[in-house]
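This briefing goes through a cavity, several strands and a few individual residues in turn. Please keep the sequence and the structure in view while reading.

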Amino acid sequence: MICMNLLEIAEAVDGKLVNDAWSAIEVSGSVETDSRLVSAGSLFVAKPGEVTDGHNFVEQAMHAGAVAAIVQRELPIDFPQILVGDSVLAIGRLAKSVLADLRANGKLRVVGVTGSNGKTTTKNMLREILSRSGETVAPIESYNNEVGAPYSILRCTESTEFLVVEMGADGLGSIGYLTDIAKPDVAVELKVGLAHVGEFGGIETTAKIKAELIEGLSPGAIAILNHDDGYVREMGDRTSNQKFWFGTTADCELWADEISVGLDGTSFKAHWSDGAARTVKLQILGEHHIMNALASLSVAEVLGLDRETSCQALEAMPLAERWRMQVTKLANGIHIINDAYNASPDSTKAALQTLAHIGRGKHRTIAVLGEMAELGEFSREQHDAIGRVVVRLNIDQLVVVGEAAKLIHLGAMQEGSWDGESVYFDSASDAESYLRGMLEPNDLVLVKSSKSANLRYLGDRLCDESLEVGS
């Protein structure tokens with residue numbers, strides 16, 4: 001974070017410095033909500049949580065080198081404290097203030113990214129592209145909520161040229177809140193899908209939440225929109241700001257064709273509106289990642305960055321992120337695709353389509369599937385539908401893990417007259433034992449579930465080179 005004294009911070013967060021004698025103390029390090037990450041010069045934000053309370057760790061932060069804490073209640077210790085009504089709102093206010101100062105004094109440009117799927121991959125792609133042109137800050141993992149996004153913003157310094165803010169939805173007003181803090185110069189809308197649909201009550205509400213990014217843009221900001229998605233197309237009518245469209249049709253400013261997907265990655269031909277074209281060969285697996293790549297190249301285009309350098313940055317990425325279509329080839333010829341960090345009906349269908357496409361005529365295909373979380377009242381319908389998709393794609397073997405995912409197995413059994421092609425296990429350990437007994441050389445295995453199902457660790461264990469297989 002930029003260096004600020006406690007009086008400046010108190011004013012920024014609408015808080016009260018408990019002792020005026022501390023006014024001139026400067027925060028020269030990071031802003032942390034986890035005391036284990038505190039270092040010399042840090043500001044610690046004591047955030048009440050569902051499991052524990054950050055106020056219990058203020059002394060630990062002090063001993064680790066923090067110079068002050070933002071608190072919701074004054075603590076009886078001799079340590080600089082800024083008292084606020086809500087520490088979560090305080091970290092957002094501080095991020096907004098810091099961004100305003102950086103914009104006034106430097107050349108920082110902010111990119112906001114939202115969408116039901118693809119946010120984290122696009123954020124990682126943007127980090128690779130933008131960092132080749134200037135100092136770039138982008139979130140770690142999926143830091144995209146009311147705490148994570150401001151936390152990422154507060155990593156910026158006077159030398160930061162590009163900031164990528166990933167914006168996750170948490171109900172009506174949540175994207176608008178983050179948009180007001182970040183005030184993006186460039187806003188990316190990737191897709192409106194069924195992720196979190198159970199929380200929001202339907203895809204129409206999801207679309208409304210995602211549109212808050214576009215509706216909240218400042219004058220002069222540019223909206224980058226996915227023309228292939230009907231809900232995103234409608235967002236174009238909600239803003240008078242400049243729009244840049246990407247997709248798979250020639251009426252976009254940037255579009256793709258000649259798509260090819262294999263175990264060595266994904267390739268496509270990118271076309272720009274001025275007639276230029278270039279084949280882009282991603283090491284990342286999955287046709288659905290092409291839209292993320294187009295979105296990232298669109299950002300580079302509107303920011304005036306070199307096209308060739310941007311394409312090379314994407315091509316150099318070995319994977320989107322750990323547990324996201326992560327491919328491991330074992331010595332025995334088995335390929336494991338571990339895509340079990342997150343799952344929605346849309347992303348699961350896309351992963352299954354990739355499995356079927358790559359395996360067709362070359363590999364025996366095995367899909368290991370777990371729960372798709374946060375679907376609410378749509379859970380039964382969507383899990384059943386995924387089982388039927390597996391059958392229609394002619395995937396050779398389905399392994400379903402966990403009670404919450406059992407309807408995938410039942411849906412597959414009802415869709416096809418199978419004899420053992422779909423099996424169900426209550427636990428990952430039982431599924432692992434089964435897989436170790438049935439896998440053969442040259443098999444192609446997809447492991448896919450929401451993070452809460454923990455199948456990503458099953459995928460890791462299957463990548464163990466000691467895996468014994470049949471002949």
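**Cavity, strands and selected residues**

The largest cavity holds about 30 Å³ of space, a cavity being a set of points on a 1 Å grid over the protein atoms alone where a 1.4 Å probe fits but cannot get out, and a volume being the space filled by probe spheres set on the points, which are joined across faces, edges and corners. The model is predicted, so that local features need pLDDT of at least 70 and side-chain atom pairs count only at pLDDT 80 or more, whereas totals for chains, interfaces and linings use all residues. Residues are numbered from 1 along each chain as its sequence is written, and side-chain values use heavy atoms, with hydrogens and water left out.

**The cavity**

- By this rule, the count comes to 1 cavity of 30 Å³ or more.
- The lining, meaning residues with an atom within 4 Å of a point, consists of Trp 272, Leu 297, Ala 300, Glu 301, Leu 305, Arg 307 and Ser 310.
- Helix H11 (289–302) and helix H12 (307–315) each supply at least two residues of this lining, and the largest share, 3 residues, comes from H11; helices here are DSSP runs of H or I with at least four residues, strands are E runs of at least two, and both are numbered from the N terminus.
- The lining residues divide into 4 nonpolar, 1 polar and 2 charged, where Ala, Val, Leu, Ile, Met, Phe, Trp, Tyr, Cys and Pro count as nonpolar, Asp, Glu, Lys and Arg as charged, and the others, Gly among them, as polar.

**The five-stranded sheet**

- An open sheet of 5 strands has the order E2-E7-E6-E5-E4 with mixed pairing, two strands being paired if DSSP finds at least two bridges between them.
- Strand E2 (16–17) and strand E4 (31–32) stand at the edges with a single partner strand each, so one side of each has no neighbour in the sheet.
- Strand E6 (residues 68–71) and strand E7 (residues 81–83) run parallel and are joined by 3 bridges, with Ile 70 opposite Ile 82 in E7.
- Helix H3 (residues 87–105) packs on the sheet and touches E4, strand E5 (43–45) and E6, its direction making about 140° with that of E5; contact means heavy atoms within 4.5 Å, and the angle, on a scale from 0 to 180 degrees, lies between N-to-C directions of lines fitted to C-alpha atoms, for helices over the stretch in contact.

**Buried strands and a buried threonine**

- Strand E8 (residues 109–114) is largely enclosed by the rest of the structure, because 5 of its 6 residues are buried, that is, under 20% relative accessible area, with exposed meaning over 50% and partly exposed in between (1.4 Å probe, protein chains only).
- E8 runs parallel to strand E10 (residues 162–166) over 5 bridges and pairs in the parallel sense with strand E11 (residues 186–189) over 4 bridges; Gly 112 stands opposite Val 165 in E10 and has Ala 187 as its bridge partner in E11.
- Thr 120, placed in helix H4 (residues 119–130), is buried with a relative accessible area of 4%.
- Residues up to four places away in sequence aside, Thr 120 touches Glu 141, Ser 142, Glu 166, Glu 321 and Arg 324.

**Positive phi in loops**

- Glu 374, which lies in the loop between strand E19 (365–369) and helix H14 (379–392), has a positive phi of about 65° although it is not a glycine.

Conventions: On a 1 Å grid over the protein atoms alone, a cavity is a set of points where a 1.4 Å probe fits but cannot get out, and a pocket is an open set with protein on both sides within 12 Å along at least five of seven lines; lining residues have an atom within 4 Å of a point.
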